[in-house]
Amino acid sequence: MAEEKDFRVFLQNKKIPLCVLDQKWHRLFAIKGKPESITVCERELDELLKKQGQLHHELKELKKLKSKLMGNIVENMEGTHQENVGRMSSKKLDEDKRLIDDINVKMEAHEDALLELPREIDRANKELMLLTVEFCYGNLRSNVAEIREITDWITQVRIDLKKNIIKKQNREINSRQMYAYMHDVFGAQMMDVFDLDNGDIDLRILEAPKNKQEPEQRSGEAGNAKPENAKQASDGSVTAKGEIGKDPQPKKENFETK
């Protein structure tokens, strides 16, 4: 409450543009809409502005009517030299004077209201501004907290992604070496039998990408054709069912499962 009071004192002598007349002010609520407190204050400010405009219009019309009545009085006073016309002019003169007195009272009331309305409009507009600032900073606070949360999540996902990429690569190297060594130890025919017995394992995942195999295939076609069940491949990958390869001079056997 103390901070709000300080703001009101700070705004006391400040000229604040009318919020409701600025389209950008309305766009502040384009996503979440206007809360009830702001809607009520906006409605009050609109009514005050409408009343001010109406009073200005009525005051302008009263001035026109008064000017017309004053002209009638002058004309009626000029016709008093004739007795009959003078009696009619006298009645009209009295009526016009009475109407002018009524108009003067209304004009005075309108002018008093127009002197008070700007203060009321300024008060409502500043109240609306404070409510708007409170609403916007509340949204900013919420958005910043969510941005930080999402940023932390993205950072962690990136870390996990890097770890899983390395983990995947290690599993691929380990599996290719393991399968190649099993071929060397037990032979291709025996491995074919074991492969059939373990058909739930999709060994195609151990195959090297085709774009890496194409140069080898072309170089093989240019030279002597290899035997059907060749056991060597430069990348150590499984090239087909029963066909295996060895890593050229592997630096380290990787059978880690972590």
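This is a short tour of one predicted model, stop by stop.

**Stop 1: the whole chain**

Show the protein chain as a cartoon. What elements are there, and how many? The chain has six helices and zero strands. Trace the chain from the N terminus and the elements read α-α-α-α-α-α.

The protein chain exposes about 19,800 Å². Carbon and sulfur atoms supply 55% of that area. How many of the 258 residues are buried? The share that counts as buried is 25%.

Look at the contacts next.

**Stop 2: the largest nonpolar core**

Select Val 20, Trp 25, Ile 38, Leu 45, Leu 128 and Met 129. These residues belong to the largest nonpolar core, which has 30 residues. Helix 4 provides the largest share, 14 residues.

You will come back to both.

**Stop 3: Leu 45**

Centre the view on Leu 45. Leu 45 lies in helix 3. Is Leu 45 buried or exposed? Its relative accessible area is 0%, so Leu 45 is buried.

Show what surrounds Leu 45. Leaving out residues up to four places away in sequence, Leu 45 touches Leu 18, Val 20, Ile 121, Ala 124, Asn 125 and Leu 128. Pick out Leu 128 from that list. In sequence, Leu 45 and Leu 128 are 83 residues apart. In space, the distance is 8.4 Å from C-alpha to C-alpha.

**Stop 4: Met 129 and Cys 19**

Step along to Met 129. Which residues does Met 129 touch, not counting those up to four places away in sequence? The answer is Leu 11, Ile 16 and Cys 19.

Select Cys 19. Cys 19 counts as buried, because its relative accessibility is 9%. Now find the cysteine sulfur closest to that of Cys 19. That sulfur is in Cys 41. A disulfide needs the two sulfur atoms within 2.5 Å. By this rule, the structure has zero disulfides.

**Stop 5: salt bridges**

Show the charged side chains. Side chains of opposite charge can pair when their charged atoms come close. How many salt bridges does the structure hold? There are nine. Visit three of them, as follows.

- Select Glu 42 and Lys 34. Their side chains meet in a salt bridge, at 3.0 Å from N to O. Glu 42 counts as buried, because its relative accessibility is 11%. Lys 34 counts as partly exposed, at 30% relative accessibility.
- Select Arg 123 and Glu 120. They form a salt bridge, with the closest N and O atoms 3.3 Å apart. The two are three residues apart in helix 4, so about one helical turn separates them. Arg 123 is partly exposed, with a relative accessible area of 37%. Glu 120 is partly exposed too, with a relative accessible area of 28%.
- Select Glu 172 and Lys 168. Their side chains meet in a salt bridge, at 2.5 Å from N to O. These two are four residues apart in helix 4, so about one helical turn lies between them.

What links Glu 44, Glu 120 and Arg 123? The three are linked in a network of salt bridges.

**Stop 6: a nonpolar surface patch**

Turn the surface on again. Select Val 185, Phe 186, Met 190, Val 193 and Phe 194. Together they make a nonpolar surface patch of about 480 Å². Helix 4 and helix 5 (188–197) each supply at least two residues of this patch. Which helix gives the largest share? Helix 5 does, with three residues.

End the tour on Phe 186. Phe 186 is found in helix 4. Phe 186 counts as partly exposed, because its relative accessibility is 46%. Leu 45 is buried, at 0% relative accessible area, whereas Phe 186 is partly exposed.

Methods
Residues are numbered from 1 along each chain as its sequence is written. This is a predicted model: local features need pLDDT of at least 70, side-chain atom pairs count only at pLDDT 80 or more; totals for chains, interfaces and linings use all residues. Side-chain values use heavy atoms; hydrogens and water are left out. Buried means under 20% relative accessible area, exposed over 50%, partly exposed in between (1.4 Å probe, protein chains only). A nonpolar core is a set of buried Ala, Val, Leu, Ile, Met, Phe, Trp, Tyr and Cys residues joined through side-chain atoms within 4.5 Å. Contact means heavy atoms within 4.5 Å. Patches are made of residues with over 30% relative accessible area and no salt bridge: like charges are joined within 9 Å, nonpolar side chains (Val, Leu, Ile, Met, Phe, Trp, Tyr) within 5 Å. Accessible areas come from the Shrake-Rupley method with a 1.4 Å probe; for residues, only the protein chains shown count as cover. A salt bridge is a side-chain nitrogen of Lys or Arg within 4 Å of a carboxyl oxygen of Asp or Glu.
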